[in-house]
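Subject: Structure for you to look at

Hi,

Here is the structure I promised to pass on. My notes follow below.

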Amino acid sequence: CLSRGLGDVYKRQGQPDSNASVGSVTDGLWTVDTSIGTFDATCLTDVCGSSFAGFRINEELANFGAKTVVGRTPGVSGSLELVDTQVTGAEFIVDMSGLITDNNSRTSALRGQNGGINTDVFPEARFELTQPIELGSVPAEGASIDVQAVGNLTVHGVTNEVTIPLTAEVQAGVIIVFGNLEGMLLADYDIPKPTAAVVVSVEDNATLELQLFFSR
């Protein structure tokens, strides 16, 4: 699961002084900042101080039993636009070919046609906000705010409208956004289940996860 208290992680990694003023004006375009933190295999299991997007899904393998599979990629680009207390627009693109899991064979399978995302054909996923997000007020330094992001999610070449619960906070002039979209049905995105002999079963739904750092 995504961790709360990400601001504390951010401050421990030698980023700008947490007492720095965010400023009274936050209007403008904020872009995903991939220079913050380091993404590596530990980001699959531990608190990670960098931007990423990914998924988790439960499966059962012969001779191994049940397991929650986590796949994540740091390959996220995009931006959001703030005007007064509203997020008026946002769009994010995820490089699905950069997804990693804790197993090289599983990672390779994700990229294939039989039980995978088929990244050779569908290398990107995309989310586009279709309704403004009303924040009520800009959160104070270190405080968090919960919102709902309604928009179009495109995965595996299929687009569906979704509502993603998000939490946002401001730390040292950086906006941190994290959230989970649970109950994402594979069939809704025409994603086939794995068919390898070792795979006993895979749940019908996955959880989309994201953690994004924004700067100007």
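How many helices and strands does the secondary structure of the protein chain come to? There are two helices and 12 strands. Helices (H or I, at least four residues) and strands (E, at least two) are DSSP runs, numbered from the N terminus. Along the sequence, the pattern reads α-β-β-β-β-β-α-β-β-β-β-β-β-β.

Two notes on conventions. This is a predicted model, in which local features need pLDDT of at least 70 and side-chain atom pairs count only at pLDDT 80 or more, while totals for chains, interfaces and linings use all residues. Residues are numbered from 1 along each chain as its sequence is written, and side-chain values use heavy atoms, with hydrogens and water left out.

**Overall**

The protein chain has 216 residues, and 45% of them are buried. Buried means under 20% relative accessible area, exposed over 50%, and partly exposed in between (1.4 Å probe, protein chains only). Take contacts (heavy atoms within 4.5 Å) between residues at least 6 apart in sequence: 64% join residues at least 24 apart.

Two strands count as paired if DSSP finds at least two bridges between them. Strand β4 (residues 76-83) pairs with strand β1 (residues 28-32) in the antiparallel sense, over four bridges. In that pairing, G28 stands opposite L82. Strand β4 also runs antiparallel to strand β5 (residues 86-95), and eight bridges join the two. Here E81 faces G89 of β5. β4 and β5 form a hairpin with two residues between them. D84 sits in the turn and has a positive phi of about 55°.

V83 belongs to β4. V83 is partly exposed, at 35% relative accessible area. Leaving out residues up to four places away in sequence, V83 touches D27 and T88. The C-alpha atoms of V83 and E134 are 10.0 Å apart, though 51 residues separate the two along the chain.

**Salt bridges**

How many salt bridges does the structure hold? Four, where a salt bridge is a side-chain nitrogen of Lys or Arg within 4 Å of a carboxyl oxygen of Asp or Glu.

One of them joins E209 and R72, with the closest N and O atoms 2.9 Å apart. E209 lies in strand β12 (residues 205-215) and R72 in strand β3 (residues 65-73), so the pair ties together parts that are 137 residues apart in sequence. Both ends are buried: E209 has 1% relative accessibility, and R72 has 3%.

Another joins the side chains of E91 and R126, at 2.7 Å from N to O. E91 is partly exposed at 31%, and R126 is partly exposed at 32%.

R126 also meets E124 in a salt bridge, at 3.8 Å from N to O. E124 is partly exposed, with a relative accessible area of 44%. Elsewhere, salt bridges with shared partners join R56, R72 and E209 into one network.

**The disulfide**

Which cysteines form a disulfide? C43 and C48 do, with their sulfur atoms 2.0 Å apart. The count is one disulfide, by the rule of a pair of cysteine sulfur atoms within 2.5 Å. The C43–C48 link is right-handed, with 60° about the S-S bond.

**T167**

T167 sits in strand β9 (residues 158-171). At 8% relative accessibility, T167 is buried. The side chains of T167 and D146 are joined by a polar contact of 2.7 Å. A polar contact is a pair of N or O atoms within 3.5 Å; within protein, one must be able to donate a hydrogen and the other to accept it, and residues adjacent in sequence count only if both atoms are side-chain atoms.

Best wishes
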